[in-house]
Amino acid sequence: MSTATTSATAAAAATIAVLDPATGEQLDTIPAGDEQAADAAVRAAAAAQPAWARTAPGERAAVLKAAARGLRGHGVAEELAVLQTRENGRPLAESRAGVEAGIGAIEQYAELGPLHRGRALQGEWNATDLMVHEPRGVVALLVPWNDPLAIACGQLAACLVAGNTVVLKPSEKTPLATIGLLELLGLPAGIVQLLLGDARAGRRLAAHPLTDLVVHTGSVTTGRELASARGGELRKALLELGGKDPLIVDAGVDPVWAAGQAALGAFANAGQLCTSVERIYVHAQVADRFTQALVEAARALRPGPGLDPASTMGPLIDERQRGVVDAHVRQAIEAGAERLTGGAPAEGHGFFYPPTVLRGARDDMDVMREETFGPVAAIRTVTSFDEALEAANGTVYGLAATVLTGDLARAQRAWRELRVGTVKINAVWGGAPGGAAEPAGASGTGFGYGPELLDEVTRTKVVHVEPAPPA
């Protein structure tokens, strides 16, 4: 580890194997992360925080700008992308895009941080009233495995530019790219501490009395646990959790185009994105041609190792996740859904599962209720837009939704009535820089990205000043 980042991963007897999901082979091992390591990481971050908070915002921003320039240096971004693909299986082109997004997020927060102003309030004529932002202190970042570099870069930059110090715990499934990232950022010593380990290490980190804020991107189960623990101590947790995102295909749209959008949403990163399309409600008028085109799109994909240029879809992250996906598919088929393609684990090495299309899914099936997080497109035919909206809202999740329609009035209804943080009309991916959304329902709380993240990682303090009377 470079002098810029102090590692608090003291040697421990227990270790965790890091596997290549494309082969099942071991890439490396990391410490399991004991209580002493978590305590050392938090205390080191707490010791560094006062001096970093006193550093001028412009100077903090300059540090981040320099870090971004370093990541754009010759071959550095490619090195990180390859490392991420080796440990989470994404096709290399997708990993490159993730690294680019991460570097862009660092640059954006470096610009936004010094502009994150308080405001003056109008009080008495001889008094001054202000609302000012100040850092929360020590932030624990619990980063997921599916897009680790992009998420780590954005959240890390927002926390640091605001004057916080950070303890960063990557997923035990994908720690290597994060280790590489911190070695390359060139940050001042002490302001970022690395904690390696499994979920137990994350719980120790979140429970530490010197941890002022926990930022978790991951499963609902872990999010509920963190929210309960932090809430009991009246301390804040910022949570972006799972989703069960619906796609509505309205009557009158081009069914082949709609199928292409569905394939992008359902099969990108083998369905392992929090905003993957997991439920499809298609109008009966276009259902047959849409379904045929979606099956064709699924069969055209080429699952394989992410470093193979011929691969268009990578593996699932591990055998456990493949088991979850397969259980959802088998339960749906046994309950009456029709398997049109895919639907069984691939043979051979690695944790591959083929792109799968199911027709005749019902809302009481696990594949339509629980987060599958795999390359499965489950289709239910509807007879009206009203039916589709009602079904799309029939979930505890509320991350995002996509609506494909040529009817502006229906599009307006959709973004008004869907109980989610993000509504996408006629495109499953995309959005302008600076957009941010707060998840609904079981999908989380607070803003995990965008300018609003700066509000989440700071406290707002009110200051009232009056002149003292003459002595």
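**Entry 1: a strand pair.** I began with strands S2 (residues 15-19) and S3 (residues 26-31), which pair in the antiparallel sense over five bridges. I note that the model is a predicted one. Within this pair I looked up Val18 and found that Asp28 in S3 stands opposite Val18. I then turned to the hairpin of S2 and S3, where six residues lie between the strands. In this hairpin, Gly24 takes a positive phi near 80 degrees.

**Entry 2: around Leu294.** Which residues does Leu294 contact, leaving aside its neighbours within four places in sequence? I listed Ala259, Ala262, Ala263, Phe267, Ile280, Val357, Ala377 and Ile379.

**Entry 3: cysteines.** I searched the whole structure for disulfides and found zero. Cys159 is in no disulfide, and the nearest cysteine sulfur, that of Cys153, is 13 Å away. Is Cys159 buried or exposed? Cys159 counts as buried because its relative accessibility is 1%, and the limit for buried is under 20%. Cys274 is likewise in no disulfide; for Cys274 the nearest cysteine sulfur is that of Cys153, 17 Å away. I noted Cys274 as partly exposed, with a relative accessible area of 22%.

Methods: Residues numbered from 1 in each chain as written. Predicted model: local features only at pLDDT ≥ 70, side-chain atom pairs only at ≥ 80, totals over all residues. Heavy atoms only, no water. Contact = heavy atoms within 4.5 Å. Pairing = 2+ DSSP bridges. Helix = DSSP H or I, 4+ residues; strand = E, 2+ residues; numbered from the N terminus. Disulfide = S-S within 2.5 Å. Buried < 20%, exposed > 50% of the residue type's maximum accessible area, 1.4 Å probe, protein only.
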